[in-house]
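Subject: Structure handover

Hello,

Here is the structure I promised to pass on. Please load it before reading further.

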Amino acid sequence: MNHLTMSSMQRTLTALGQQEPDQVPLFLLTTLHGAKELNLSIEDYFSSAESVIEGQMRLHRKYRSDCLYPFFYASLEMEAWGGSTLFLPDGPPLCGAPVILRPEDIDRLQVPQVASSVPLAKPLATIRALKQQVGDTVPIIGVVISPFSLPVMQMGFHAYLDLMHEQPERFDKLMQANESFAVAWANAQLEAGATAICYFDPVSSSTIVPPALYRRTGMQVARRTIAQIKGPTATHMASGRALGIVDDIIATGTAVIGVSAQEDLAQWKRAAAGRINVMGNLNGIEMRRWTPQQAEEEVKSAIAKAARGGGFILADNHGEIPWQVSEDVLLAIGDAVQRWGRYPLSWITDHACH
Amino acid sequence: METYISPFRDALKALDRAEAEDLFERALRQYTPLEAVEKVVVPALEQIGAEWHEGTVALSQVYMSGRFCEALVDRVLPPSDPDRKHQPRSAIVVLSDYHDLGKRIVYSVMRASGFEVFDYGRMDVDALVKRAVDDRLRVLMISVLILPSALKVREVCAQLKAQGANVKIVVGGAPFLFDDQLWQEVGADAMGKSAADAVSIVERWMGDMQ
């Protein structure tokens, strides 16, 4: 087997340029697993930037992922808005009580100042330190929750759907506030050293809102927000379906789309047609009970469907690997990429011929 | 009755309340409230549920449809109406996590289908088991969003079994949709892929329990 000739950064940028790099880039989006590496509880792990810096570096070396992922947890943004976080021993931290208790609260909403926010200082410090360690050799992926999806945490899902359908003026007011925050938060991460921003936008997926509503709402919000983010973005629907709105997503100006395990990667690759890069779509929930052999088969299948010609990053379908996924499976994914992900991927043609 | 179902379903999907209400009123001129609910509202919600599962209808449409139908049905079949289906004793709960949209949708669709269901809100394992036993439940619907909560269903099932509770458990939520073996692994009796699925599962069990 040939030696790898590219750094993770070169590999990723080549793939995102719709060219074939030396190997399929693997974005193994592990966050909680850093706590396992350091033998800390999830709450203790996320209480300091130092832990997450060390955790991310260990995970990067161990699992051979082509990116660093200094994402703490979604609710951290809510802490900046005055909310709270509930820590679990075995899962992602959850958002506490809503900060918008009644729609009228939107009229008095104060947008948090990113520069002076204590909760947001930890990820920024993490990004700075990781950048110091890896320079331009490994992409560092920052995260913002889209202004259109953040209200699920700000006010609760059903209250947000009611607002969206019944109070358009207040909905617009909330979007303005959230767009201002998301742009400032994304740009602060880019200034700290993030290479790109993952724009998590599950509410925009066709799983949550119909395409016609997306075109009037989430798409317009994404267009305005992404235009002001001073770096590349990857839109992630966090397991939601989006194949039916591919052209609209491309029109928001994003460079990458995270694909659901409920959609077919080959169909996505065809629909993308070189206009957007495809990332996905290993099933993180099923991954919990995969054997290493199954992991290899799943990796092989994803590569066969979407990796030829570049424009593809192998990742899970949700944007975060569940805590319950074993070390053996994560190692097997890395092994499988090394075995089956070397370009020019001639085995795919051979495979098809036999 | 068939003539009402498709237009009523389409009005719900388009969030056209006036049209849905008009169709329901027209059905009520020909049929009893219970007949109108069972032959128009329930099939329309079932079709919307099936389309949600196929990926052609979004969660927001399922939620708004359920909420609207719940209000419609409450008007013609108030909770005290003898035509309401009070059996089997059923409850719905969010287990451990704090995401209650799925539970709200299933609750609305169950009530819009003429069922009365205890709404337990959000509970942890021990409190849920105690309440289910105290209430002598026959059906427990558990909604979750995150994987750790889905895995806790196993403890609920084991504790209820250990206490000899005669209760059937139906689960629903994202982890079960992404891993179709998970509901069996945690010991549930069934998995609902949509809110309408919950209705048909409970109706089937209701038949078995009689």
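My notes follow, starting with chain B.

Keep in mind that this is a predicted model.

Chain B on its own: it holds 10 helices and five strands. Its C-alpha trace spans about 50 × 35 × 25 Å along the principal axes. The radius of gyration is 17 Å, which agrees with the value near 17 Å for a compact globule of 210 residues. Buried residues account for 52% of the 210 residues in chain B. Take the contacts in chain B between residues at least 6 apart in sequence: 74% of them join residues at least 24 apart.

Next, the contact between the chains. Chain A puts in 24 residues and chain B puts in 19 residues. On the chain A side, α8 (157-166) and α14 (284-287) each supply at least two residues. By class, the chain A side has 12 nonpolar, nine polar and three charged residues.

Last, a helix pair inside chain A. Helix α6 (residues 118-134) packs with helix α9 (residues 168-192) at an angle of about 30°, and their axes are 8 Å apart. Angles under 35 degrees count as roughly parallel, so α6(A) is roughly parallel to α9(A). The crossing of the two is right-handed. From α6(A), the contact uses A:Leu120, A:Leu124, A:Ile127 and A:Arg128. From α9(A) come A:Trp185, A:Ala188, A:Gln189 and A:Ala192. That contact has six nonpolar residues, one polar and one charged.

Best wishes

Conventions:
Residues are numbered from 1 along each chain as its sequence is written. Chains are lettered from A and ligands numbered from 1 in the order in which they are written. This is a predicted model: local features need pLDDT of at least 70, side-chain atom pairs count only at pLDDT 80 or more; totals for chains, interfaces and linings use all residues. Two residues are in contact if their C-beta atoms, placed from the backbone, lie within 7 Å. Helices (H or I, at least four residues) and strands (E, at least two) are DSSP runs, numbered from the N terminus. Ala, Val, Leu, Ile, Met, Phe, Trp, Tyr, Cys and Pro count as nonpolar, Asp, Glu, Lys and Arg as charged, and the others, Gly among them, as polar. Axes are lines fitted to C-alpha atoms, for helices over the stretch in contact, and angles run from 0 to 180 degrees between N-to-C directions. Angles under 35 degrees count as roughly parallel, over 145 as roughly antiparallel, 65 to 115 as roughly perpendicular and the rest as oblique. A crossing is left-handed if the near helix is turned anticlockwise from the far one by less than a right angle, and right-handed if clockwise. The radius of gyration is taken over C-alpha atoms; the globule rule is 2.2 Å times the number of residues to the power 0.38. A residue is buried if 20 or more other C-beta atoms lie within 10 Å of its own, exposed if 12 or fewer, and partly exposed in between; C-beta atoms are placed from the backbone.
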